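Please view the sequence and the model first, and then read the points below alongside them.

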Amino acid sequence: MKSTILVLSLLSLAGPAFLLPQAPSSTTPKPADTKNITFVLSASKIPSQDDYSEIDAFVKVSSVSKGGDKERLGTTDTIRDDASPEWNNVFWVEWRKGSGQKLEFIVKDHDVLDSDDEAGEGLLDLDEFVQKDQNVTLTLSKGGELYIKGTQPIRFMLYARNVPELDRINGGEARGDPYVNLYWRKGKEGANRQFATSSVLDNDPSPDWPEVFEFDQYRKGTEQYLFFEVKDHDTLNADEHVGSYLLEADSYVKNNTKLVVSLTDGEGDGSVEFGIVPAQNPPPKIIVSAK
Ligand SMILES: *[C@@H]1O[C@H](CO)[C@@H](O)[C@H](O)[C@H]1NC(C)=O
Ligand SMILES: *[C@@H]1O[C@H](CO)[C@@H](O)[C@H](O)[C@H]1NC(C)=O
Ligand SMILES: *[C@@H]1O[C@H](CO)[C@@H](O)[C@H](O)[C@H]1NC(C)=O
């Protein structure tokens with residue numbers, strides 16, 4: 001019995017899983033066959049559900065197993081008055097190759113007074129999504145299209161040196177209490193969308209922020225930029241601007257090395273050094289041989 005399972009799983013590792021009609025339901029998939037898939041959603045021409053305005057759309061996302069078990073992966077924010085919304089939310093699902101897993105999308109029109117109207121739905125085969133380079137268009141049941149696009153999260157740590165004393169009030173704290181706001185943009189001049197904030201490091205002109213930051217929206221070749229804004233926390237006044245830096249995501253990911261730059265447009269007069277250091281992705285799952 002044990003050896004049968006072993007042979008079966010070796011087979012599915014060796015050959016393309018889609019050649020097997022279906023995996024026997026008694027075998028649990030090996031870790032090597034699972035992968036964390038992350039994705040974002042956008043849509044176009046979702047029909048309005050009333051006569052007054054464009055749709056206030058949000059999407060409920062679930063994973064559905066071959067046996068019909070449904071697991072809610074999450075719900076997007078509501079985007080008001082927009083038939084072609086682009087949601088900021090990133091979803092993830094553990095893909096089990098060849099297991100017949102599907103993603104279910106239910107688009108709704110948010111209604112403040114009444115219950116939310118359904119505005120269409122779609123079903124996506126997860127194996128097909130991976131085969132199509134994680135870039136798929138679904139036609140929704142009531143018209144309009146939903147785009148599902150895979151992302152490749154990136155992780156990094158941050159530090160700064162020579163952070164100046166910017167507190168304007170006499171007798172205020174002598175040194176800076178620096179922190180970083182992290183934004184991303186679509187295109188160099190795109191709007192800032194915040195995805196993280198660092199901790200505030202008290203009285204530290206040479207902060208090494210302890211966090212590992214994750215930009216989970218990263219999609220290669222889509223003109224994404226990361227914008228770092230270093231601030232000096234001030235309990236009495238507005239926080240001062242230490243400086244900022246705009247980074248092209250593709251170039252950073254391609255180089256995959258520590259990047260040391262000078263912050264621009266700060267209020268201080270010295271040059272502030274800023275470091276962006278690639279961090280490890282979570283360790284891959286280790287397959288331990290059974291005793
Ligand atoms: C999958 O990736 C997302 C984004 O990086 C992460 O938040 C999530 O914890 C990961 N899930 C697993 C099971 O590793
Ligand atoms: C995704 O698919 C769309 C439509 O097929 C195509 O226009 C677009 O270039 C693709 N994007 C990527 C990053 O492959
Ligand atoms: C990546 O490397 C190239 C060539 O060394 C360099 O010109 C570029 O500035 C680097 N970009 C980043 C973001 O590290």
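**Ligand surroundings and overall architecture**

Ligand 1 is surrounded by N36, T38, W92, E94, P153, E214 and D216. The model is predicted, and its chain contains 3 helices and 16 strands.

**Shell around ligand 1**

- Strands β1 (34-44) and β4 (91-96) each supply at least two residues of the shell around ligand 1.
- Sorted by class, the shell around ligand 1 comprises 2 nonpolar, 2 polar and 3 charged residues.

**Shell around ligand 3**

- The residues that surround ligand 3 are L247, S251, Y252, N255 and L259.
- Helix α3 (residues 249-255) gives the most to the shell around ligand 3, contributing 3 residues.
- In the shell around ligand 3 there are 3 nonpolar and 2 polar residues, and no charged ones.

**Confidence and overall composition**

- The mean pLDDT of the chain is 84, and 81% of the residues reach 70 or more.
- Confidence is lowest in helix α1 (residues 2-14), where the mean is 39, and highest in strand β8 (residues 145-151), where it is 98.
- Over residues 1-26 the pLDDT is below 50, and this stretch has 19 contacts in the model beyond near neighbours in sequence.
- The chain has 291 residues, of which 26% are buried.
- Of the contacts between residues at least 6 apart in sequence, 58% join residues at least 24 apart.

**Pairing around strand β8**

- Strands β1 and β8 pair in the antiparallel sense over 7 bridges, and L41 has I148 in β8 as its bridge partner.
- Strand β7 (residues 135-139) also pairs with β8 in the antiparallel sense, over 5 bridges.
- The bridge partner of N135 in β8 is K149.
- The hairpin of β7 and β8 has 5 residues between the strands, and G143 takes a positive phi near 105 degrees there.

**The sheet β12-β9-β16-β15**

- An open sheet is formed by 4 strands in the order β12-β9-β16-β15, with antiparallel pairing.
- Its edge strands, β12 (213-215) and β15 (259-262), each pair on one side only.
- On average, neighbouring strands of this sheet are turned by 30 degrees against each other, direction ignored.
- Strand β9 (residues 154-161) is joined to the antiparallel strand β16 (residues 273-278) by 6 bridges, and L158 has I276 in β16 as its bridge partner.

**The sheet β11-β10-β13-β14**

- Another open sheet consists of 4 strands in the order β11-β10-β13-β14, and the pairing is antiparallel.
- The edge strands here are β11 and β14 (240-248), each of which pairs on one side only.
- Neighbouring strands of this sheet are turned by 25 degrees against each other on average, direction ignored.
- Strand β10 (residues 178-186) and strand β11 (residues 193-197) run antiparallel and are joined by 4 bridges, and N181 stands opposite T197 in β11.
- The hairpin formed by β10 and β11 has 6 residues between the strands, and G187 in the turn has a positive phi of about 85 degrees.
- Strand β13 (residues 224-232) runs antiparallel to β10 and is joined to it by 9 bridges, and L182 stands opposite F228 in β13.

**Residue V272**

- V272 is located in the loop between β15 and β16.
- V272 counts as buried because it has 22 C-beta neighbours inside 10 Å, where the cut-off for a buried residue is 20 or more.
- Leaving aside neighbours within four places in sequence, V272 is in contact with A160, N162, V163, V242, G243, S262, L263 and G266.
- V272 and P164 are 108 residues apart along the chain, and their C-alpha atoms are separated by 7.8 Å.

Methods
Residues are numbered from 1 along each chain as its sequence is written. Chains are lettered from A and ligands numbered from 1 in the order in which they are written. This is a predicted model: local features need pLDDT of at least 70, side-chain atom pairs count only at pLDDT 80 or more; totals for chains, interfaces and linings use all residues. A residue is near a molecule or strand if its C-beta atom, placed from the backbone, lies within 6 Å of it. Ala, Val, Leu, Ile, Met, Phe, Trp, Tyr, Cys and Pro count as nonpolar, Asp, Glu, Lys and Arg as charged, and the others, Gly among them, as polar. Two strands pair if DSSP finds at least two bridges between them. Axes are lines fitted to C-alpha atoms, for helices over the stretch in contact, and angles run from 0 to 180 degrees between N-to-C directions. pLDDT is the predictor's confidence in each residue, from 0 to 100. Two residues are in contact if their C-beta atoms, placed from the backbone, lie within 7 Å. A residue is buried if 20 or more other C-beta atoms lie within 10 Å of its own, exposed if 12 or fewer, and partly exposed in between; C-beta atoms are placed from the backbone.
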